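Open the model in your viewer and get ready to select a few residues by number. We will stop at some side chains, then step back to look at the whole chain.

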Amino acid sequence: MNQIIMWIMAVGAVLGGVDRIAGNRFGLGKRFEEGFTLLGPTALSMSGIICLTPLLSRFLRFALVPIWNFLGLDAGLLAGILAIDMGGYQLAGELSASQEMVRYAGLVIAATLGLGMLKSGDRLFFSRGMLIGTGTLPVTMIVGGLLSGLSFLQIVLQSLPVLLFCFLLMFGIWRFPEQTVRAFTVFADVIRLLTTIGLIAGAFCYMTGFSLLPDLAPLEDAMAVVSSIGIVLLGSLPTAELLQRVLKKPLSFIGRKTGMNDSSAAGLLMGIVSPVPAITMMEKMDERGKIVNAAFLVSAASTIAAHMGFTFGTDPDFVVPLLVAKLAGGIAAVCAALFFTKKSAYSKTRK
């Protein structure tokens with residue numbers, strides 16, 4: 001199955017590249033170019049933190065791992081604080097001796113909780129969607145944990161801190177939405193600061209051979225991870241563009257049946273590629289669609305783009321399980337969001 005997906009992405013890359021040569025006649029060449037131009041922002045957001053992974057591992061081993069071990073928990077779960085493409089997987093590998101927990105914490109958890117702060121112009125509806133999406137995260141966790149090789153009991157026991165965090169996050173979004181957004185903004189600023197420090201130290205070490213920080217991972221190793229993501233994006237973005245065109249009528253039909261406009265339905269497809277275009281489209285969505293899309297993004301964002309590309313480069317045998325886990329959580333979130341939003345109350349379309 002992994003090879004089938006890779007072949008599909010490869011065909012998408014060929015189609016996108018040929019269309020670029022032909023002058024972008026079908027719009028696939030533009031998507032092909034976007035896949036490559038995303039290398040810069042991707043490297044800027046994740047390579048520095050990957051360089052700092054050994055240092056972060058040392059800090060966590062000193063500050064939190066003893067507490068985790070005392071509680072009988074696997075310390076690899078601490079890696080879930082970082083996104084899958086921002087060092088979460090590498091950190092899980094540093095902290096856990098179990099390959100099953102490395103996959104669960106570094107790929108499944110880091111690909112959901114570690115998404116980072118998503119921004120939206122309409123915070124009220126977006127925060128409601130995040131609340132619902134966070135509530136359905138256990139679906140992703142259970143499916144991903146089982147596919148990682150863990151037992152159901154192991155998943156429940158090891159995930160208790162994550163479940164507690166989800167509960168606190170849901171409570172914060174529900175009762176203190178503005179304060180919760182500010183808290184995540186501060187967290188994002190801290191991650192950005194660490195990433196920049198890692199980039200500075202990594203670049204300096206690469207050019208001089210002198211390390212400014214102890215246990216610094218080589219910047220070229222981090223860039224290799226970035227490159228593997230960019231290569232998959234060359235094919236995944238044109239493929240997603242084709243899917244959106246082929247599924248335009250079915251998506252429109254689904255939108256009408258669920259009380260959402262076309263932009264809301266299309267946003268779900270774009271979200272599995274990247275949260276950025278989905279969030280950009282939110283101004284064209286109706287109110288119900290904003291909530292549904294925000295809920296979907298919590299688990300399913302970047303499923304067939306950055307996260308799949310990263311997994312292909314680090315643990316290719318786990319690509320299909322990760323896709324299944326993220327999409328299962330995303331579908332559960334959509335169903336919950338549709339259930340908790342009344343069609344009549346969220347049917348206004350903003351043009």
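This is a predicted model: local features need pLDDT of at least 70, side-chain atom pairs count only at pLDDT 80 or more; totals for chains, interfaces and linings use all residues.

Is F210 buried or exposed? F210 is exposed, because its relative accessible area is 51% and the cut-off for exposed is over 50%.

Turn the view until you can see both rings: F204 and F210 form an edge-to-face aromatic pair, with 6.5 Å from centre to centre and 80 degrees between the planes.

How many aromatic pairs does a search of the whole structure find? The search finds 2. For another pair, select F339 and F340. Their rings are also arranged edge-to-face, with centres 5.2 Å apart and planes at 85 degrees. Both residues are exposed: F339 has 67% relative accessibility, and F340 has a relative accessible area of 58%.

Next, go to helix α12, which runs over residues 177–208, and pick out A183 there. Why does A183 count as partly exposed? The reason is its relative accessibility of 45%, which falls between the cut-offs of 20% and 50%.

Now select residues 137–148, which make up helix α9. This helix has 12 residues. From the first C-alpha to the last, α9 reaches 16 Å, close to the 16 Å expected at 1.5 Å a residue. Which residues of α9 are buried? Colour L137, T140, M141, G144, G145 and S148 to see them. They sit on the same side of α9, because they cover an arc of only 120 degrees around the axis.

Finally, zoom out and show the whole protein chain. Its secondary structure comes to 19 helices and 0 strands. Of its 351 residues, 52% count as buried. As a last stop, think about contacts between residues at least 6 apart in sequence: 76% of them join residues at least 24 apart.

Conventions
Residues are numbered from 1 along each chain as its sequence is written. Side-chain values use heavy atoms; hydrogens and water are left out. Helices (H or I, at least four residues) and strands (E, at least two) are DSSP runs, numbered from the N terminus. The expected span of a helix is 1.5 Å times one less than its number of residues. Buried means under 20% relative accessible area, exposed over 50%, partly exposed in between (1.4 Å probe, protein chains only). The arc is that of the directions from the helix axis to the C-beta atoms. Contact means heavy atoms within 4.5 Å. Rings of Phe, Tyr and Trp (its six-membered ring) pair if their centres lie within 6.5 Å; planes under 30 degrees apart count as stacked, over 60 as edge-to-face and the rest as tilted.
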